[in-house]
Amino acid sequence: MKNGYKTIASIKKDCENFAEKVLAADYSNLDNDALCVTADQAREPIEIAATVTETIFRKTGLKLFSCQLQTAFALYNGRIAELSTGEGKTLSGVVAAIMYVKSGRKVQVLVFNDYLAKRDATENKEIYESCGVSVGYVTEATPISERAEQYKKDVLYISAREAGYDCIRNFVAYDKNELVGGNYDVAIVDEADSILIDEASIPLILAGKAEDTSANELKVMEAVKKLTADDYDIDEQDGQIWLNDNGISKIEAELEIENLYDNNTEILSDINTALQALHQLTADKDYIVRDNQICVVDEATGRVAVNRKFPNALHRFVEMKEGITNNINTKIYCSMTIGAFMNQYNSLCGMTGTAATSANEFESTYELRTVVIDSHTPCIRTDLDDAIFLSNSERDEALLEEIISANAKGQPVLIGTASVKDSEELSEKLTEKGVAHTVLNARNDEKEAAIVAEAGKPYSVTVSTNMAGRGVDIKLGGANEEEKEFVESVGGLYVIGATINRSRRIDNQLKGRAGRQGDPGVSKFFISLEDENIAPFFEDDGNGGKPVSEKDKLSMVRTAQTTLEGNEAEARYTLKKYSYIIEHQRELMANYRLSVVNDEVTPDILKNENPDLYEELLEQTTEEEIIKAEKILTLYYINQHFSNYLEAMEDVKSGIHLSIVAGKNPFDEFNRSAIEFFEEMKEDLKYDLLSKLEQLEIADGKIDISLFNIKPTTGTWTYMVDDSAGQFNHLPALMNMVSKKIKEKLSFTERLDKFLNRKKK
């Protein structure tokens, strides 16, 4: 240890020592009233944890294990704790939250979804209150009028995205009574890898109704639909799609454009978006159509991602692809990534069953060290070697045989598939074979808890999309464990991966559904070299026609997965790098706007810019009336101009690859545009404010701004977007994708200048 820096081994030892001391403390001799008083008055961490432990036992009958107390101590010291599935992380979070509160802190426990927020707050309410700690929860259904009271609680359970939405909702508040959220002191993040890594770069959006631009987009969509596979090229590995020379000629003829690459940036952006919607996003994999709406499917969980959309115009193009044309366009008022939101907390910590493989990213991104806590009961799950096949048909045949074999002896089987489509195709094959089974995917995820709870019953077969962040344990023998002994005798839950995932961590999440708390279990992955995640890394025949040994196949597959992990990490890093300057600007605007809402500052635009008029108005009205008018106008025009700025930067983002063609650094050009447009926005904001203030009309000493049609922003809604690093990641490779025809048509510096200066005009 050097300069106070502790090794992981030292951190782990501290956790073990803490748990040992807590378990040695004995409060069993106190009656319930005395225990409540002692728990309420406790201030030392060991005393707090010991009284909470005794309280938990009396309220639930559960004795905390050393691993749970170690996890609580790791959380209390600002760490990421890895504790295996089924070991009781929820109660570890309760102990840590109470320890924080007793040290004078406010705590928000950020969970994966609304169901967990309500469940965990409700089930643990008696424990908190017995220790003198108030607890509440917020879900999407919680009215805005009730949220402020919930945020005053010592401990608040809320999904990470809902907490982020409340933060950006304040961007359209006009009065301090409309503000929600705040208290960004301590965040304990459950399913930390899913929230802090998988969703970190996903923007949270606050939007309202925008002007209809569907006519132009429909025209582009119809033109792109007429293209054939010979008109565009796709790089599956990098997720890129672009027009080739044939496609350029056809689009120019169809849209009656002489030169597609001459001052047609918006059309180019729409064409690229239409190509992506038609040929890179797949129904029943990336999204499903439900109730005449496009519902985005979260890749990491297989769930429908509530209130999530594809970015920018992509969602509208997917709607057009599926024949949905009656939805309104959106205008973005504020945007903030989940990762940026997390950085608002004074203290951050988290827990998950799969953190070790992402330890470096936790530390580099959040400066959080990861400690792996040993399970109370060693895991005895048998992880069988991967079975590798050259084709999907070979894989499917072996997969079915394995399921039928396990089912015949009564062993419960859980199969993880990559998509809704894959789960339903496997379901059809099982039906043909006469195997009774249940399907859990994005079409019926509202039944998730009930389906998962029974997935451990004898003879049960459950076909599911990914199991990350499910929040419900699979108990052997069923929800009440009536037939546990029988299931144990046939080997426990058998978890089968029907594909390889994009990271080892997600594979481990699936494996972790079996072998909970020392239960027996088995896991095995059936992998085809034709799987879409890894197929781009290999030749069509798997190895250029040469025989491939089992060892070589396994090595090839896991190397491909490691590359995928690296690509995903690179994408997150790239998105973070490009979003940094916009996030900084958002923070500046949001903080200033908040100070105006709270009456901490007054804009004083008129006093500073036109003092003569200001003095003249003071003869007709009061200073309070002028401040009130300036406040409303300032808040309104901040919303309007910042929204325009975000729209302009979306256009820059969509066309950033053109800077590569122009021989320029895209990161430099993006930042240059962001700074330039932001400064222009501030000048435009000041101009509009001053011009309106100079037109103020006064009657009977009161300022009337009704003529300006200034209305507080209403009818807003929130959603997430599946932002892609496609326009940023692998930018150097784009240079090789640009055809000679494009280069000949494009005057590099002239074209880029036109593009970057288009918004000024």
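Which residues in H3 meet which residues in H5? I began my notebook with this contact, keeping in mind that the model is predicted, that local features need pLDDT of at least 70 and side-chain atom pairs count only at pLDDT 80 or more, while totals for chains, interfaces and linings use all residues. Residues are numbered from 1 along each chain as its sequence is written, and side-chain values use heavy atoms, with hydrogens and water left out.

**Entry on H3 and H5**

I looked up the contact, which means heavy atoms within 4.5 Å, and found that Pro-45, Ile-48, Ala-49, Val-52 and Ile-56 in H3 meet Leu-91, Val-95, Ile-98, Met-99 and Lys-102 in H5. By class, this contact of H3 with H5 has 9 nonpolar, no polar and 1 charged residues (Ala, Val, Leu, Ile, Met, Phe, Trp, Tyr, Cys and Pro count as nonpolar, Asp, Glu, Lys and Arg as charged, and the others, Gly among them, as polar). H3 covers residues 45–60 and H5 residues 89–102, and their axes come within 10 Å and cross at roughly 135°. Axes are lines fitted to C-alpha atoms, for helices over the stretch in contact, with angles running from 0 to 180 degrees between N-to-C directions; helices (H or I, at least four residues) and strands (E, at least two) are DSSP runs, numbered from the N terminus. H3 and H5 are therefore oblique to each other (angles under 35 degrees count as roughly parallel, over 145 as roughly antiparallel, 65 to 115 as roughly perpendicular and the rest as oblique).

**Entry on H1 and H4**

I then turned to H1 and H4, whose axes come within 8 Å and cross at roughly 120°, so that H1 and H4 are also described as oblique to each other. Asp-14, Cys-15, Glu-16, Phe-18, Ala-19, Val-22 and Leu-23 in H1 meet Ser-66, Leu-69, Gln-70, Phe-73 and Ala-74 in H4, and the residues of this contact divide into 8 nonpolar, 2 polar and 2 charged.

**Entry on aromatic pairs**

A search of the whole structure gave me 13 aromatic pairs (rings of Phe, Tyr and Trp, the last by its six-membered ring, pair if their centres lie within 6.5 Å; planes under 30 degrees apart count as stacked, over 60 as edge-to-face and the rest as tilted). The rings of Phe-18 and Phe-73 have centres 4.4 Å apart and planes at 20°, so I noted this pair as stacked. Because Phe-18 lies in helix H1 (residues 8–24) and Phe-73 in helix H4 (residues 66–76), the pair ties together parts that are 55 residues apart in sequence.

Phe-171 is in the loop between helix H9 (160–169) and strand E5 (186–190), and Phe-642 is in helix H25 (residues 623–654), 471 residues apart. Both Phe-171 and Phe-642 are buried, and ring pairs link Phe-171, Phe-642, Tyr-645 and Phe-678 into a cluster.

**Entry on Val-107**

Last, I looked up Val-107, which has its place in strand E2 (residues 107–111) and counts as buried at 2% relative accessibility. Its C-alpha atom is separated by 6.4 Å from that of Leu-156, 49 residues apart along the chain. Not counting residues up to four places away in sequence, Val-107 touches Ala-97, Tyr-100, Val-101, Asp-154, Val-155, Leu-156, Val-186 and Ile-188.

Technical notes
Buried means under 20% relative accessible area, exposed over 50%, partly exposed in between (1.4 Å probe, protein chains only).
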